[in-house]
Amino acid sequence: MGQHSIEAPLLGRNGQTHKKRWSRALLFLLGFIAITFIGLTLGGNIRVWKLRGGKKHDEKTQNGETEIVESDEAVVAADDGRCSEIGASFLRQGGHAVDAAVATALCLGVVNPMASGIGGGAFMLVRSSSTSQTQAYDMRETAPSAASQDMYENNSAAKYVGPLSAGVPGELAGLHEAWSKYGRLPWKTLFQPAIKLAREGFVVAPYLGSSISRNGKLIMADIGLRQVFAPNGKLLQAGDMCYNVELGHSLEAVAEKGPEAFYNGTIAENLVKDVRGAGGILTMEDLRNYKVDITDAIAFNSMGYTILGMPPPSSGTLGLSLVLNILESYGNSDAAKGSIGLHRLIEALKHMYAVRMNLGDPDFVNISNTISDMISPSFAKKLQQKIFDNTTFPPEYYMYRWSQLRDHGTSHFCIVDADRNAVSMTTTVNYPFGAGLLSPSTGIVLNNEMGDFSTPTEISPEHLPPAPTNFIRPNKRPLSSMTPIIVLKDNQLAGVIGGSGGLLIIPAVIQVFVNHFVLGKEPLDAVQNPRVYHKLIPNVVLYENWTVIDGDHIELPDERKHFLEERGHQLQARSGGAICQLVVQNLGNNNAFEMGRKHGKVPPHDQIFHGTLTAVSDPRKDGRPAAV
């Protein structure tokens, strides 16, 4: 059962009372009855959300839900509460974290189709508690066989919108590969909630509603998108019901026949027909030949933790490594603290962005030297010595060479099950609604992942040359900013983190990690704390200043702004930011090993820690976590 922590309003914020003993007993009895009623209402699963007093953002509820949950059993933190609950429902049935991941990912593809779906790709980490192995599942989209580095020479816009911007989808293939190794529950069963949502409809959440509004022109220009998101010629709004019946049919076919239905069956035939009919180059051979790349996760040690993440073509883990190693090279645990720590972080980010564009798909380019540099403490120390606490510098100081990757969108979720297996997965169709193309016969939103490649003739906003390591080749995967990570302490699970938001993901994940694991902030504070971002060019610090969906206002404090301005930073407010999910395990309970054995979860020869889990969904989006 999850840990229960309820504050009774009649007792005051700290739960203190000066009533007599019999009065306390009566209140306890009433509270027990209330908890029992809640548990029965939720189908026998008594899940109590912990509400914390204090600052304005620490205590939030919406329809009985909060941004933070605790459990001694298992948790799911996704950026949509319905999908978190669906994932948790399979954990309650004894499912592995991967079972929950399949169901959660499919749900997100239905209710947040602007960000992810089976027409896109993903990066997924799976940590097995029994083997202590962490595998990286690269289900990133690939360039079609007919693609070439000069294919957008006469129309650069076609790289970002329309049928030519679509890569070969990989999400379903990757989910099935992971499920084949770790899954405990039937593949078909995991699809049923998403099928129901697609067929019977779902309520448009505020974040999707705002995305529909912002991309109305794109939606109205495509017959498939228009049928789903403007069914009567009028764009759907938050609170409306949305139906994607054809997607429901596609999901049902994959549930019954496996991924073969998507990659070599009727769905594939219909998808290819729709894409090619619109002017695309996707072929049946492209789908049949898609392969998931499965490797060991890349690992590095920093700040007293082991951090596990995706190897390239993800630049996220290596970017995280470089920045954390720069901060650690100060040799002071307070190096990242306060305003001076924020200045150092910004400078480290600028150095990182200058280096990371030397990365690419390692199956096509030799990037071994860049990888070695980005995980090297000595290389980080050299960069740290170029950082001065009293000033910043123009972009050329950071030795940039190439234009930046400017990826978008995505959705991220974190899962830890009762056996402390963990999943960190970031999934995407890239830009909002991907290619701006929904296959009418399948209901699938196509990605525009080709936009993440560099092309020789494209002129970037910063007027820098494109990165040759990221040029298009058939079957190549484009560079990515996605940063799903798993954090270990003394080989025990300490946390799971990841984010969505394209180029902003890396700095956001870094700040959440530093906030909690280095500066000791509570999990919700670590996620909600105002963030800064930098793109190297333009040489501007973007700081958060916006009112998010739940009504909270997030803004960098004035004293931090002034401190940065005094050091020459140019600041610009940003009404938006990356969305991060976080799960942490409390490693402070010395009895946790024995608790695991008592519940039959830990074989006598294994030492698997079972501490209390805390899950946070970022209030910047309308997600909510769920607990078992």
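**The annotated site and its surroundings**

Guide: The unreviewed UniProt entry places the feature "binding site" at Arg140, Thr428, Val429, Asn430, Asp452, Ser480, Ser481 and Gly502. These positions are spread over 363 residues of sequence, yet they cluster in space, with a largest C-alpha distance of 14.1 Å. The model is predicted, and what follows is computed from it, apart from the record just cited.

Val429 sits in the loop between E11 and E12 and is buried, at 0% relative accessibility. Leaving aside neighbours within four places in sequence, Val429 is in contact with residues that include Pro113, Met114, Ala115, Ser116, Gly117, Gly119 and Gly120. Its contacts also include Gly434, Val445, Asn447, Asn448 and Glu449.

Phe433 lies in that loop between E11 and E12 too. Phe433 has a positive phi, near 60°, and is not a glycine. Most residues other than glycine have a negative phi, and most peptide bonds are trans. Phe433 is buried, with a relative accessibility of 0%.

Gly502, another of the annotated positions, belongs to the loop between strand E13 (492-500) and helix H17 (505-518). Gly502 is buried as well, at a relative accessible area of 0%.

Arg140 brings charge into the annotated set. Side chains of opposite charge can pair when their charged atoms come close. Arg140 forms a salt bridge with Glu141, at 3.8 Å from N to O. Arg140 is buried, with a relative accessible area of 1%, and Glu141 is likewise buried, at 1% relative accessibility.

A further salt bridge joins Asp419 to Arg184, with the closest N and O atoms 2.9 Å apart. Asp419 lies in the loop between strand E10 (411-416) and E11, and Arg184 in the loop between helix H4 (171-182) and helix H5 (187-200), so this pair ties together parts that are 235 residues apart in sequence. Asp419 is partly exposed, with a relative accessible area of 21%, and Arg184 is partly exposed, at 42%. Returning to the annotated site, salt bridges that share partners join Arg140, Glu141, Glu449 and Asp452 into one network.

Asp138 forms a salt bridge with Arg477, with 3.1 Å between the closest N and O atoms. Asp138 is in strand E4 (residues 133-139) and Arg477 in the loop between strand E11 (422-428) and strand E12 (485-489), so the pair ties together parts that are 339 residues apart in sequence. Asp138 and Arg477 are both buried. Across the whole structure, the search finds 19 salt bridges.

Asp99 lies in helix H3 (residues 97-111) and is buried without a salt bridge. The nearest side chain of opposite charge to Asp99 belongs to Arg184, 5.5 Å away, whereas a salt bridge requires a nitrogen-to-oxygen distance within 4 Å. Beyond residues up to four places away in sequence, Asp99 touches Trp179, Gly183, Arg184, Leu185 and Leu190.

Some backbone details elsewhere in the chain also deserve a look. The peptide bond from Ile537 to Pro538 is cis, with omega near 0°, and Pro538 is in the loop between strand E14 (532-533) and E15. Leu536 is placed in the loop between E14 and E15. Leu536 has a positive phi of about 70° although it is not a glycine, and Leu536 is buried, at a relative accessible area of 3%. A cis peptide bond also runs from Pro312 to Pro313, with omega near 20°. Pro313 lies in the loop between strand E9 (305-309) and helix H13 (316-328).

As for the chain that holds the site, its secondary structure comes to 20 helices and 20 strands. Of its 628 residues, 59% count as buried. Among contacts between residues at least 6 apart in sequence, 75% join residues at least 24 apart. The protein chain exposes about 23900 Å², and carbon and sulfur atoms supply 52% of that area.

Conventions:
Residues numbered from 1 in each chain as written. Predicted model: local features only at pLDDT ≥ 70, side-chain atom pairs only at ≥ 80, totals over all residues. Heavy atoms only, no water. Helix = DSSP H or I, 4+ residues; strand = E, 2+ residues; numbered from the N terminus. Buried < 20%, exposed > 50% of the residue type's maximum accessible area, 1.4 Å probe, protein only. Lys, Arg positive; Asp, Glu negative; His and termini not counted. Contact = heavy atoms within 4.5 Å. Areas by Shrake-Rupley, 256 points an atom, 1.4 Å probe, with all protein chains shown as cover. UniProt positions renumbered as here; feature names shortened; annotations may be inferred.
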